[in-house]
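Please walk me through how to read this structure, one feature at a time.

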Amino acid sequence: MKSVGALLATALMLAPMTVSAETSVKIGVLNDRSSVYSDSQGIGSVIAAQFAVDDYAKELGLKVEVKAADHQNKVDIGAGIARGWYETEGVDMIIDVPNSSVALAVNVLARDLNKVLIGSGAGTAELTGKSCTPNTVHWTYDTYAYGRGLGKAVVAQGGKKWFFLTADYAFGHDLEKQAAEGVKASGGEVLGAVRHPLGTADYASFLLQAQASGADIVGIANAGDDTITSIKQAAEFGLTRKQKLVGLILGMNGIPALGLKAAQGAQIMNPFYWDLNDGTRAFAKRFAERHPQQNYPNDMQAGVYASVLHYLKAVDKVGGAADGKAVVAAMKAIPTDDALFGKGIIRADGRKIHPFYLLQVKSPEESTSKWDLLKVVATIPGDQAFRPESEGNCPLVKK
């Protein structure tokens with residue numbers, strides 16, 4: 001009896017120690033669940049975050065909760081959710097945040113409240129430029145990489161005169177700016193631009209201006225459903241008979257809606273494609289089995305998975321998630337390594353560096369399944385794809 005009592009007393013002493021040794025972390029996936037970006041992020045980003053938690057949290061001794069909310073592409077709603085999560089609900093890190101205006105607002109909150117923001121769906125390069133903070137990491141892509149890269153590539157192929165159809169908010173403006181600078185730097189000319197509201201249904205007046213511009217190339221500087229709608233209407237309008245469309249953010253999710261017959265031969269840049277290697281193919285199969293529409297993952301959803309994994313490693317290294325600045329510093333100090341993006345680094349300005357791929361849309365005859373859409377044409381090293389750290393004017397970067 002004495003030995004049993006002693007064992008029981010020891011167990012009671014050890015129990016609270018075991019609980020306290022397990023670090024609790026809360027992650028909030030903040031994105032569009034009901035509008036133009038719902039297919040390209042939405043529930044898929046939540047699934048990707050939960051996969052990373054399922055795969056690594058237990059191994060690292062972390063207790064992780066994943067929350068999700070719809071920011072409705074409205075800054076006040078997105079900022080309100082983020083503030084509530086950070087201040088009253090104990091959320092340590094917010095991730096994804098498509099819509100650059102919302103992302104920039106959350107960026108300020110993360111800094112002021114010493115939390116963490118990881119932008120995967122966010123596009124604006126300002127997150128690693130003048131608006132950079134020690135609490136933010138920009139993971140998947142940005143407007144500089146997409147705009148500059150495609151601008152240069154298309155001019156090299158002879159598309160020298162450009163006109164832009166641009167979404168009228170921070171993301172679209174930034175994307176147009178980067179593409180225009182890439183075009184001009186390569187010897188091309190920008191003839192003009194027209195801005196449209198987010199979620200526009202009728203592009204006729206905008207397309208008339210593009211058609212009248214005399215441009216060789218109409219750069220579509222928008223994203224999500226806006227890209228699909230504007231490209232579809234441009235084809236129906238007959239604009240593509242004399243002018244070439246370049247979708248600066250035409251992602252994989254938009255191609256089935258356009259159809260391979262209409263989209264074949266188009267080139268896009270992307271840092272991830274599901275059919276790159278065994279690791280990406282295995283993730284895609286697992287993702288599709290969980291996704292309500294059996295969709296395959298795109299780059300932004302893959303970025304959520306990979307960045308949550310790296311974030312959890314950093315929390316483990318620091319010993320907790322409470323000090324956001326310390327966690328981001330650890331994320332920068334640890335080399336990145338995952339099955340979806342391979343090996344990489346996070347720079348002092350918060351920019352995650354990895355390769356980009358120039359991908360070409362397959363013809364209907366080349367495709368063997370619904371998501372067999374693209375083939376790799378070229379690989380662009382990460383240090384060539386992203387803006388040089390010295391040019392971003394990030395205050396964290398030593399001159």
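**Reading the model**

The chain averages a pLDDT of 90, and 94% of the residues score at least 70; pLDDT is the predictor's confidence in each residue, from 0 to 100. This is a predicted model, in which local features need pLDDT of at least 70 and side-chain atom pairs count only at pLDDT 80 or more, while totals for chains, interfaces and linings use all residues. Residues are numbered from 1 along each chain as its sequence is written, and side-chain values use heavy atoms, with hydrogens and water left out.

Q: Over residues 1-20, what is the pLDDT, and how many contacts are there beyond near neighbours in sequence?
A: Where pLDDT is low, the predicted coordinates should not be read in detail. Over residues 1-20 the pLDDT is below 50, and the stretch has zero contacts in the model beyond near neighbours in sequence. Contact means heavy atoms within 4.5 Å.

Q: What is the strand order in the open sheet of four strands?
A: Strands of a sheet pair through backbone hydrogen bonds, either parallel or antiparallel. Helices (H or I, at least four residues) and strands (E, at least two) are DSSP runs, numbered from the N terminus, and two strands pair if DSSP finds at least two bridges between them. Here the order is β7-β6-β8-β9, with parallel pairing. The edges are β7 (189-196) and β9 (244-247), each of which pairs on one side only. From one strand to the next the twist averages 20 degrees.

Q: How many bridges join β8 and β9?
A: Strand β8 (residues 217-221) is parallel to β9 over four bridges. Ile220 has Gly247 in β9 as its bridge partner.

Q: Which strands do helices α6 and α8 touch or cross?
A: Axes are lines fitted to C-alpha atoms, for helices over the stretch in contact, and angles run from 0 to 180 degrees between N-to-C directions. Helix α8 (residues 224-237) packs on the sheet and touches β6, β7, β8 and β9, at about 155 degrees to β8. Helix α6 (residues 170-185) lies across β6 (161-167), β7 and β8, and runs at about 170 degrees to β6.

Q: At what angle do α5 and α6 pack, and is the crossing left-handed or right-handed?
A: A crossing is left-handed if the near helix is turned anticlockwise from the far one by less than a right angle, and right-handed if clockwise. Helix α5 (residues 143-156) packs against α6 at about 35 degrees, with the axes 7 Å apart, and the crossing is right-handed. Residues of α5 including Tyr146, Gly147 and Val155 meet residues of α6, among them Phe171, Leu175 and Val183.

Q: How many residues has the largest nonpolar core?
A: A nonpolar core is a set of buried Ala, Val, Leu, Ile, Met, Phe, Trp, Tyr and Cys residues joined through side-chain atoms within 4.5 Å. Buried means under 20% relative accessible area, exposed over 50%, and partly exposed in between (1.4 Å probe, protein chains only). The largest core has 74 residues, and Ile27, Ile118, Val308 and Tyr311 have the most contacts inside it. Helix α12 (residues 299-318) gives the most to this core, with nine residues. A second, separate core has 30 residues, including Ala145, Tyr146, Ala180 and Met269.

Q: Is Leu312 buried or exposed?
A: Leu312, in helix α12, counts as buried because its relative accessibility is 0%. Beyond four places in sequence, Leu312 touches Ile27, Ala52, Val53, Ala57, Leu60, Leu62 and Val64. Leu312 and Gly61 are 251 residues apart in sequence, yet 10.0 Å apart in space, C-alpha to C-alpha.

Q: How many residues of strand β14 are buried?
A: Five of the six residues in β14 (residues 356-361) are buried. Strand β10 (residues 267-270) pairs with β14 in the antiparallel sense over four bridges, and Met269 stands opposite Leu358. Six bridges join β14 to β15 (residues 374-380), again antiparallel, and there Leu359 has Val376 as its bridge partner.

Q: What is phi for Gln72 and for Asn73?
A: Gln72 has a positive phi of about 60 degrees although it is not a glycine. Asn73, also other than glycine, has a positive phi near 60 degrees. Gln72 is partly exposed, at 38% relative accessibility, whereas Asn73 is buried, at 11%.
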